[in-house]
Amino acid sequence: MTGFKTLDDIGDVRGKRVLVREDLNVPMQDGHVSDDTRLRATVPTVSELADKGAIVLVLAHFGRPKAPGPEYSLARITKAYEEVLGRPVRYVDWEVADENVAMLQPGDIALLENTRFFGGEEKNDPAVVDRFARLGDLYVNDAFSAAHRAHASTEGLAHRLPAFAGRAMEAELKALEKALGAPERPVAAVVGGAKVSTKLEVLRHLVAKVDHLIIGGGMANTFLAARGVDVGKSLCEHDLKDIALEILDAAERANCIVHLPYDVVVAKEFAANPPSLRTCNVHEVGEDEMILDVGPAAVEALSDVLKTCRTLVWNGPLGAFETPPFDAATVALARTAAALTQSGSLVSVAGGGDTVAALNHAGVADGFTFVSTAGGAFLEWMEGKELPGVKALERQ
């Protein structure tokens, strides 16, 4: 990874207007923010700049508006944002942005209206970049979760104003560099989820980068079927069996060991604690049964694999973790990974929506080295793709 400038390189910001791109796309329920995780993630950057006397102008999108409307206005979250920051936040509508920003004093924080109210934001329209840029002296990108988009506020501005990575972006990039950029070996990757089709590029990229690839979730069934295992009624993409074999062949050529479950938890219906629940060898799955989790013997073996590794990247659950008892394998392996991390023997980086939920469910999210809340951006990074918002921050 090429170096990038951080807030440590930004110099004296007193009285300077700093445009800070954050991810404030928070879930709402009954008119209130129902999860303030993304708001809290912005606090280090926004507070540091305000404390140093900058005029902080926060840029963010909210939802996917086809046209400006009150349901997509960031005015809805201003109060919650004030509570999280513990200081006043001025909401600024685009129609009066120039006048309002001109009145701000050093240390003030303003939340500018939804960037997507400009039709050209997502097209990286130079006119929209100009509109944003004229409000600021410096640009800070703190939204890794939007870094896979080449939008005006995520990529264009970095070419128009002196550009820096915020603290959350800096932490994310350093963690990702440790995980796959220049990791300590051996490296293991856990990749789960329902379908191989959604993770094809991830798997193809990882087999050339890691020493152990642990495949779980519904996608493991496709690999088992490709190896001739009858998976019964299990979720399985039979039309991708040839591609699964190609990935297994590529792994073999790269000396990457692929781990598939050899014992599994099955049931005749997908429901919590069904009466037909049983654990069996993968070769003993009945034609009327479906695989819903990795079995305990396989989890124990996978735990032993992690004990030999120095680095772990995790994306996706091992089973249908939302429905007990099919959360058992994910919880058990996540707890092993967290314990190894806390003992200092493992660097563990996890990301993706389901992954964060699964680690929170297991009660170990705080036990990992780094847990990314970025969805699409984290996946594209796992695919080995260049992220426009990150590329634009690289030192020229």
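Guide: Four bridges join strand E12 to strand E13 (residues 278–281), and the two run antiparallel. This is a predicted model, in which local features need pLDDT of at least 70, side-chain atom pairs count only at pLDDT 80 or more, and totals for chains, interfaces and linings use all residues. Residues are numbered from 1 along each chain as its sequence is written, and side-chain values use heavy atoms, with hydrogens and water left out.

Visitor: What makes E12 and E14 pair?

Guide: Two strands pair if DSSP finds at least two bridges between them, and four bridges join E12 to E14 (residues 290–294), again antiparallel. Strands here are DSSP E runs of at least two residues, numbered from the N terminus. In E14 the bridge partner of Val-265 is Asp-293, while in E13 Arg-278 stands opposite Val-266.

Visitor: Why is E12 called largely enclosed?

Guide: Buried means under 20% relative accessible area (exposed is over 50%, partly exposed in between; 1.4 Å probe, protein chains only). Five of the five residues of E12 (residues 263–267) are buried, so the rest of the structure largely encloses this strand. Asp-263, Val-265 and Ala-267 point one way and Val-264 and Val-266 the other, all of them buried.

Visitor: How do you know that the radius of gyration agrees with a compact globule?

Guide: The radius is taken over C-alpha atoms, and the globule rule is 2.2 Å times the number of residues to the power 0.38. For 396 residues a compact globule would have a value near 21 Å, and the protein has 23 Å, which agrees.
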